[in-house]
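Colleague: Please take a close look at the aromatic side chains here. I want the ring contacts, with cut-offs.

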Amino acid sequence: MSKIDLSVLTKVRALVVIFLLTTIVSYGQQSESNSISGKVINSKTKQPLEGATVSVVGSTNEVLSDNTGSFKIRTFKKPPYTITVSYIGYKTKVIVAGDGLNTVELDETGAELSEVVIVGYGTQRKGDLTGAVAKVAAADVKKIPVASFDAQLQGKASGLQVLTNSGVPGEGIFVRVRGTTSINSSSDPLYIVDGVFLNNTSLQTMNMGGRTTSPIADINPADIESIEILKDAAATAIYGSRGANGVVIVTTKKGNYNAKPKVTLDISQGWVQADKSTLPKLASGPETATLANEYWINSGIDKPSLNQTYANRPFRPTSEGGKGLPEEQGTYDRINDLLRHGHLQEYNLGIQGGNATSKYYFGAGFTDQEAFFKVIKFNRASLKFNFDQKLTDKISFGLTNSVSRSYRNQARTGDGPQVSLWNSAVSAATYTPKYGTDGTSTGADNTYILIDNYDVNTVTLRYIGSVYGEAQLAKGLKFRTSFNLDYSHYDESAYWNSQTSIGKAVNGQATSALTQNSTWINEQTLSYQKSFGAHNLTLLGGNTIQSNEITATTADGQGFANDNYKKISAASVRTSSESWTKYTLVSFFGRAGYNYQNKYYAEATLRADASSKFGSNNRWGYFPAFSAGWRLSQESFLKNERWLNDLKLRASYGITGNQEGISNFASRGLWSGGSGYADVAGTPLAGIGPLQLGNKDLKWERTSQVDLGFDLAVLDGRVAVTFDLYSKYTSGLLLQKPIPSASGFGTYWANEGEISNKGYEFSITTTNIRSKDVTWTTSFNISGNRNRIEKLPSQLTRYTRDWVIMKQGYSMNSFWLYDQLYVDPKTGAPVFDGQDANGNVTANNRKIMHSAYPKFYGGLTNTITYKDFDLGFSFSYQYGNYSVNLNRYFRERNPSSGGVDTKALERWQKSGDVTDVPRFTSVGNNYTIDQSSRYLEDASFIRLKQLSVGYNLPKALLSRIKLSNVRVYFLGTNLWLLTKYTGDPESNVTSDPTSQGIGSFGTPPQPMGFQFGLNVTF
């Protein structure tokens, strides 16, 4: 199939919908319902089990037991009734229910084999998985005060690397599942919320210094029930071209059938403040002036033609025309003046419940997060409504809806942007007064002027929703159709008045941008489940149509009468532009799973995708996967071992694809309008000209992956272990290949290059204490990944000054530097590896040194309860990753240019000094070699990510005031950090994934957070 015929497929959809509606009508007559009542208890303790799932075999009816273990379920079936009762951590039981009260006793399994895990287009019992899937309960992470839920996942799952590159709320987060698989295409995982494929690419168009906003921040974490991370090809191949980088499936809260309304109210207040250990350390005013004099004089000695002497040094007595002696200078701490205790407040309301035929969830939330430095803030208001309705025992429909409004007073951060609040405070020399003697601004960007005149705003309106219909066509055979939509309206505006460096030059400057992004998806699936004796079979088939469209309009204005006029219509010079882009994707997929006696498992998946992004010769991509499992613990030689609860081996192989991160028209030859005729006298006439060379053979990146793993549970499930080894190999990298300029083009898109990722994952969960009054559980995970560029036609360098390099045989995001071995104690000059006798170096002396990627990373979580008290704390860590400290690079090299890092005080001054900071001078190689390894630092870290303490009011008291639960709590975040890095080891000056490991400069570190909260359940 060489062409995507949407019109034909749309007609097919119409016929399917007509069929579904006809089926609904035919089944629409409901018979009289009957009810089944009972109670679910622990077989050992006889205590009631709240939240057990009770369902009627042969129908879709199910309910959850209440806090007394009781349940009541209605059904249109006639007796006798066969019901299934399941509960996490217990063996599922099937019984024939009577007319009276049915007491169901469940036996503990220890290992949570019955836990339901969300997988692609369905669910599976955790014990039946043959792929690598990690599950994170939202309750474990949702209180961490960050704007987006992806930042809350740090350290919570093996194989998932999460870094918060900035302390600005609402900015993008660096997330990788089992390494980076691409150079130009995106390596971010696919995010799916209630079946909706999310846009995870920032719609930001204004240059904010390298950092970008996070689209994930539009989602309220309080609405999330669980998060699954799909990691290997067996789990992700069902998503084909979208699954190469892993899949994060988010399930939001829903109601329960036959459940009384439950109302939850969560209120928290708190603040964030700077972690003083990660702030830039600047020399005092007198110290900076002393260094400036020294730099001046030494440069003059080394190069007399500069005419820089002791007599004309900058900091000499004012009577001699100088700025005053160093000891006469004041110290002005702009950083401290910029800091504040940023207020945190959050309010969330949830209502859920249901009757015999419908269930619902309604959520409303508001969060307001001020940054720990002045002006910058983020807030979000959200509404969530999920609804499911049974028309009969065989037909149901439902919908999910979320609407949010996110506001950012957005920070300009990163390397070198003008009017940056953070840079203005760090870069100004500490001896420079806050204001001039006449009260006017000092410096190009005065911190205090910016605080009073900062006007950069972004408002996002976002809708994420879906509607589905489901019909049971026969026993075990189910049809489902759905339509999903993700729509964003992104509104940016900025005004720089005449007091700022941008506005001063042009009498004010205003910018406005409106971007609209819409992604719709229509899906159909047909699933079949059948058990016959010891054999269990599951089949799934389906297809998808997806379209994404982005439109953007921008306008700029310069030259305003005065600062009271801020709208572009009032500008004397106005410019504007607009853009449009679109792609479509058509897919067919299928999966077959089989297990025998819940002991031997096999599964096969195949997906075919066709994308409009690729050349006509390679539009279709095919992505298969195969997996198998063997539960050894059910074999006769292990089955009776009382200490062993579960032991299962897993193996998988599959291929996934990638099309993200490239232009929607990357394969096409493009022409551009606006090319005027040069040979026409007077005003040029409009014309067209070549813009891009096409490539009909452009195709998908393909990532093959092998996974071997095992799951182990022992000692009544008190110890559970998961271990995986994997190898990923990506071929056909989507790169812009250079071509001779004689062709009229510089590059064209082609498939060149290969990357491998090999690693391991280990996680262990232990129940250390489990008694009547005390429980203590520990979860630990560690992962290691080795990234290597296996094939690349020519090396690529990234970021300014080419600090980062991509070269065959090395890891991505490696550093290309001159290796400074030491500072000569006699002369104070740096000594570089490979320099000649005169101390000179060439590009051939540069070395590839270390990488931004860690050798291993992970997390440790402990949860302790004592009666009504609870304590929890979580650590996250990385080891073996490095970062070029850009703050040190700029703040050590020239003390006369602004603020100076205290590290500069360790410079060489006289013969015999032993230090790694060279003698101050502008001459020679001491500070003129930008790519010195002296600025490369070990960025390994251990961070106390979360500490919580809570108290639940006694049930006896709550029953008298008609409340189900009341909990008060304290939550602290980022309370402790251990690192050798000078600053925040997670910081990065840019959101560019190919320029990681460029840290600190202009980038605020993560703050410490303190919150007090109240959770009430009615």
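Modeller: Start with a charge over a ring. The charged end of lysine 648 sits over the ring of tyrosine 601, 5.7 Å from its centre. That label needs NZ of Lys or CZ of Arg within 6 Å of the ring centre and within 35 degrees of the ring normal. Lysine 613 likewise lies over the face of tyrosine 583, at 4.7 Å from the ring centre.

A word on the source. This is a predicted model: local features need pLDDT of at least 70, side-chain atom pairs count only at pLDDT 80 or more, and totals for chains, interfaces and linings use all residues. Numbering runs from 1 along each chain as its sequence is written, and side-chain values use heavy atoms, without hydrogens or water.

Now ring against ring. The whole structure holds 36 aromatic pairs. Rings of Phe, Tyr and Trp (its six-membered ring) pair if their centres lie within 6.5 Å; planes under 30 degrees apart are stacked, over 60 edge-to-face, the rest tilted. Tyrosine 596 and tyrosine 600 are stacked, 6.3 Å centre to centre with 10° between the planes. Tyrosine 596 is partly exposed at 29% relative accessible area, and tyrosine 600 is partly exposed at 34%. Buried means under 20%, exposed over 50%, partly exposed in between (1.4 Å probe, protein chains only).

Phenylalanine 710 and phenylalanine 723 form a tilted pair: 5.8 Å between centres, 35° between planes. Phenylalanine 710 lies in strand β32 (residues 701-714) and phenylalanine 723 in strand β33 (residues 719-731), so the pair ties together parts 13 residues apart in sequence. Strands are DSSP runs (E, at least two residues), numbered from the N terminus.

How values were computed: Helix = DSSP H or I, 4+ residues; strand = E, 2+ residues; numbered from the N terminus.
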